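Welcome! Take a moment to look over the model below, and then we will walk through a few of its parts together.

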Amino acid sequence: MIYVVATLTIKPETRAEFIAAATACIEGTRKEPGNIAYDLHESVTDPTRMVFVEQWDNAEALVPHRATEHMKTFGRVAVKCMAAPPKIEIITPEKVDVR
């Protein structure tokens with residue numbers, strides 16, 4: 001099992017657009033093979049910080065996830081909403097890979 005934690009900082013004026021796109025992406029992702037959990041959390045101290053916490057059966061399940069239409073659609077919206085590059089952490093029993 002692996003976890004993915006993706007931390008994004010968005011432009012304040014894009015918050016509603018970002019959440020709408022994320023909600024659609026979450027719905028699609030939860031139906032994917034290998035997905036155990038996929039949730040979006042909002043910082044209680046910084047309304048521009050959004051954190052996705054994902055749980056997957058294995059790293060192989062992430063490969064088709066990245067190519068799904070709902071991820072591509074979300075990516076097109078997210079890139080317009082982000083104020084900084086995202087921080088992606090892939091957590092396995094062996095290590096934490098930060099991208």
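Let's begin with helix 3, whose buried residues pack against strand 1 (2–9), helix 1 (15–29), strand 2 (35–42), strand 3 (49–56) and helix 2 (62–67). Contact here means heavy atoms within 4.5 Å. Helices (H or I, at least four residues) and strands (E, at least two) are DSSP runs numbered from the N terminus. This is a predicted model, in which local features need pLDDT of at least 70 and side-chain atom pairs count only at pLDDT 80 or more, while totals for chains, interfaces and linings use all residues. Residues are numbered from 1 along each chain as its sequence is written, and side-chain values use heavy atoms, with hydrogens and water left out.

Which residues of helix 3 are buried? They are Met71, Phe74, Val77, Ala78 and Cys81, where buried means under 20% relative accessible area, exposed over 50%, and partly exposed in between (1.4 Å probe, protein chains only). The helix covers residues 69–81, and at 1.5 Å a residue its 13 residues should span 18 Å, which agrees with the 19 Å between its end C-alpha atoms. That expected span is 1.5 Å times one less than the number of residues.

Cys81 brings us to the cysteines. Cys81 is buried, with a relative accessible area of 0%, and Cys25 is buried too, at 1%. How many disulfides does the structure hold? There are 0, a disulfide being a pair of cysteine sulfur atoms within 2.5 Å. The sulfur of Cys25 has its closest cysteine sulfur in Cys81, 13 Å away, so the two are too far apart for a bond.
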